[in-house]
Amino acid sequence: MLGVIRNLIIVGLLLQLYSCGKTEAGRVDETIYVRHQGADMPAYVHGNLSSNAVLVIVHGAGSFGLSFREESFKSVLEKLFTVVYFDQRGQSMSEGHYPKPDDVIRLMGDDVSALIQVLKHQYGADKSYFLLGHSLGGMIALSSMVNSGSQTDLAGWICVDGALDFPFIKQARKEAVLQIGDEQIDAGNDPGSWNDLINRLLSLDPDSDYDEILKIAGEAMDLLTTTGVIPAGDSKDRLRNAIVINNPVNWLVSNYFNQPVQAALAEDLSLTNRLNAITIPTLFIYGKYDLSVPPAMGEWAKFNVGSSSKELLLFEQSMHHPFYSEPEHFVEQVAQFINNNK
Amino acid sequence: MKGIILVHRPKKYHPLGRLLPTVILFIIILLILPAFIKAQNGFPHPWSLHAGYYGNNLWNPGLQVGADRQRVTMDKSRNDHEFTVEKWFTGDLGYYLDPGSHGACFIQVGTVRRKYKERMFYTQTGFNPLGIYRSILPETFLVTDGGPVEPVKFPGNWYYAPSVSWGVGQYYRKLPGTGWYAKLELMALLPYNTYVQFLINLNLGYRIPLR
């Protein structure tokens, strides 16, 4: 029996060793949690702690913070800055107890503000903080700035394929599929399939046929990949992040029960009328072939934003995830923006 | 940061370290307790202990220890096929570590039904209606609207955690109650966020009878 106890203790000690991360001077690799309004949300902090710039990533719908942590982020952004990958309320590894919120997008924006407060408390208030929001995360970041007042704590905003205006996106998506379809037919890239998609799309109404148009947009993006217009990309890191680094069951179940994008869709949420309140430097990055949040959204956002320093970059070989399809170009642009504004 | 560089060293996260004394205490209690319990007639080895690997979502490592108390044994026959059914009360203490995000410990109480199809292996079905799960989080900061940022003491959350399990085990004829077992367990955490969370666990271990 003593042998059993001894073996259990050895197993425990081995587990304890397994939980320790590497420690390097000037570098941080740690997880902290933010408790706000009943939710405990993990922030995975990696990178160069001696840098005076901190990049905070707000993921999009159905995603998770560490999904961004691919080789380009690790080898470039984490070497230059501290990078914070955040799991939002009800997503992935976030936990806690709280009632279903009345305005989940606003609450998630408040959560981001709470995260910024914690990061300032933990890593220094006089560092320069940058917010990068992708897709729905773009709207949540915007809500955090205009509704929760986090803009005063930030040195810049990077909006990647930001879904800032759902009524606008509904209209723009159909037009974008038709436009790209025509271009691909002219270019001779599988014209039969594109004609089929266009014929199915023409009679649909953007307001009442939202799901069907979204489905056709998805098929169109698949077609862009299979015809080689968009490079397929290496997904080894992505698969590892999704299945091994992240906890896939937690992600799947949380994603099933908590879908803030449905709330945003249900109320046709738009924050473009609040964009004029944004005065910090802003970088919009949109994929030229993004049919989920078309680049017209970026043009409209750039037109409306109140910042004097604003720029829109169209990624020529990207759809909805330019950080996957053009990773080197993406991190280069993000690093340049941060270096110019920190 | 203008002109001054503050270097923060990563804080090591040792949730197991906090829990290890509790696990050891629980094991000791399990070992001492049967000495005070009188075995009942009819069951040669009414108590058994088990311990083994516990993998939350299969690969997040952990360990589980527990005790079983036999309550009934029945010899049955169906379609000229004879088999034995044993029903046990069971109690477990477990811990696992999800590296990089959290650890968790739990206590479960329930029943398990073992069916000996052959005198080599058994199948088992378990149901633990009583379960308590406690997540153990690394450094956590509370933010209240308009208030200061405050560190949370003993961060984590309690959940009601019933579970069901299915598995197989080794039947060692010369010493019933001894042998390896493997089971898959589905645990529900309630209330988790706004609804529920499910955990899939792999449990590989060894049972020994108490004489």
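Here are some questions and answers on this predicted model.

Reader: How are α2(A) and α13(A) oriented to each other?

Author: Let's start from the angle: helix α2 (residues 71-80) of chain A packs on helix α13 (residues 327-341) of chain A at about 10 degrees, and their axes are 10 Å apart. Angles under 35 degrees count as roughly parallel. So α2(A) and α13(A) come out as roughly parallel.

Reader: Is the crossing of α2(A) and α13(A) left-handed or right-handed?

Author: The angle here is about 10 degrees, and the hand is a separate matter. For α2(A) and α13(A), the crossing is right-handed.

Reader: How many residues in the contact of α2(A) with α13(A) are nonpolar?

Author: On the α2(A) side you'll find A:Ser72, A:Phe73, A:Val76, A:Leu77 and A:Leu80. They meet A:Pro327, A:Glu328, A:Phe330, A:Val331, A:Val334 and A:Ala335 in α13(A). Sort the residues of this contact and you get one charged, one polar and, for the nonpolar group, nine.

Reader: How many residues does domain 2 of chain A bring to its contact with domain 1 of chain A?

Author: Chain A splits into domain 1 (23-165 + 252-341) and domain 2 (170-226), with 29 Å between their centres, taken over C-alpha atoms. Domain 1 of chain A puts in seven residues, and domain 2 of chain A puts in nine.

Key
Residues numbered from 1 in each chain as written. Chains lettered and ligands numbered in written order. Predicted model: local features only at pLDDT ≥ 70, side-chain atom pairs only at ≥ 80, totals over all residues. Axes fitted to C-alpha atoms, helices over the stretch in contact; angles between N-to-C directions. Helix = DSSP H or I, 4+ residues; strand = E, 2+ residues; numbered from the N terminus. Parallel < 35°, antiparallel > 145°, perpendicular 65-115°, else oblique. Left-handed = near helix turned anticlockwise from the far one by under 90°. Contact = placed C-beta atoms within 7 Å. Nonpolar A, V, L, I, M, F, W, Y, C, P; charged D, E, K, R; others polar. Domains from an automatic or database assignment.
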